[in-house]
Amino acid sequence: MAYFHWIAGTILGLAWFSRIIDAALGMPSVADVSRPEWNRDPVLPSGNPRVSIIVPARNEEDVMEQALNTLLALDYDNYEIIAVNDRSTDSTGEIMERISQNPHPVAPDATRMGQSVQSRNSHVSQNQRGVGHPSLRVIHHAELPAGWLGKTHAMWTAAREATGEWLLFTDADVLFKPDSLRRALAYAEAEPADHVVLFPQMIMKRPGEFMMIAFFQTMFMFGHRPWKVADPTTDDHMGVGAFNLVRRKVYDAVGTYAALRMEVLDDMKLGKVVKKAGYAQRNVFGGDLISIRWAHGAMGVVENLTKNFFAVLSFQWWRAVLSVLGLAFLNFGPFLGVALAHGWARVPYGVALGSMVLIYIGMSWRSAVPPYYFLLHPVSTALFIYTLLRSMVLTLWNDGIVWRGTKYPLEELRRGMV
């Protein structure tokens, strides 16, 4: 048994300690666009580039108005907003239309005019505010074509209508500070970058949210190294649904969202195809420049991740089983080892636990999660393992996933994976 503890403890100690060292050396290289040096306009001879902000939404009546109003209040001087009502059964579409007709806030000298465009299975309405102020166009989808996810179809449709040199894909529950777009774009043009991902601040109100999001961020750092995304020699890539800013010509070059039409993880897969195609990809911190209330309570996180987890593992059951075993060993192992091992055999387990504590301390500098949530790490581990198994079982049982009221067959999802 002593040999087992030495072997297991050494593996765990090296895994956690190497990750904290890698993160400590790499994280400082990730820019923070909330810093004073990025409080400027993009510097281009042709003036500020036009940005098209694309907001897909289905049954988002609780958050739609606030999100659109924060976008209308951006202090950048050359952008448009295209909101897509994807077959909503609540008042999402009505809210979009009302705001497009009475945008807030409105400049005192703003002029207004209305325009409508008819297209197949959709209609577009537009309210154009005065020069220097954004337009808000609304697209309504009544049907979903075969072979598409609702969200990817909504974003693809909106991008076809877009007039910007840059496309910003975001979600309907994201809140923007006025200077968020201007800062991110100044960074993108200064690099220069082809795809910029801005990490959102997570709004957390319940202990379960703090616990689960802390664990998610810890594991995310194991699977995706943000400090390596800018390195063209690595496969590390990034995409976040809250803020995917991509040059229009790059979006077209990688096949648009038509190439990702059945991708459940559309945000990450957009980052993957951009990186694989050799374009310059960057991810940045931004403090509270953008924020999102991602889930309500621990079980809200479980519910949100149930749709995604099996897709992360390419819908393969054996990968899910191996992942469960790996998660259990990596996260329960250090706690069990310190409790069950004897003498010096506890040392490598202690190194693993100490490294985990340092990761939680490091995360507390970038998020609102207090480091003492480390003590609940075993609980969040158990819930994440449950979520992964739940995602696999429900997907296999239903022969597909049900997302926002629409069922997508498993065979189609597997065929459409990038």
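Thr 381 counts as buried at 0% relative accessibility (buried means under 20% relative accessible area, exposed over 50%, partly exposed in between, with a 1.4 Å probe and protein chains only). The structure is a predicted model, in which local features need pLDDT of at least 70 and side-chain atom pairs count only at pLDDT 80 or more, while totals for chains, interfaces and linings use all residues. Residues are numbered from 1 along each chain as its sequence is written, and side-chain values use heavy atoms, with hydrogens and water left out.

Thr 381 is placed in helix 12; helices (H or I, at least four residues) and strands (E, at least two) are DSSP runs numbered from the N terminus. Apart from neighbours within four places in sequence, Thr 381 is in contact with Phe 215, Leu 327, Asn 331 and Phe 332, where contact means heavy atoms within 4.5 Å.

Helix 12 spans residues 377-398 and also holds Thr 395. The side chain of Thr 395 reaches the backbone oxygen of Ser 391 at 2.7 Å. Not counting residues up to four places away in sequence, Thr 395 touches Phe 310, Phe 315, Gly 400, Ile 401 and Leu 410.

Leu 167 belongs to strand 6, residues 166-169. Its contacts, neighbours within four places in sequence left aside, include Ser 52, Ile 54, Asn 244 and Tyr 251.

| Residue | Relative accessible area | Class |
|---|---|---|
| Thr 381 | 0% | buried |
| Thr 395 | 3% | buried |
| Leu 167 | 0% | buried |

For the protein as a whole, the secondary structure comprises 13 helices and 14 strands. The radius of gyration is 23 Å, close to the 22 Å that the globule rule gives for 418 residues, so the protein is as compact as a globular protein of that length; the radius is taken over C-alpha atoms, and the rule is 2.2 Å times the number of residues to the power 0.38. Along the principal axes, the C-alpha atoms fill a box of roughly 80 × 50 × 40 Å.

Of the 418 residues, 54% count as buried. Among contacts between residues at least 6 apart in sequence, 78% join residues at least 24 apart. The protein exposes about 18,600 Å², of which carbon and sulfur atoms supply 60%, the areas coming from the Shrake-Rupley method with a 1.4 Å probe.

Key: Polar contact = N/O pair within 3.5 Å; in protein donor to acceptor, adjacent residues only side chain to side chain.
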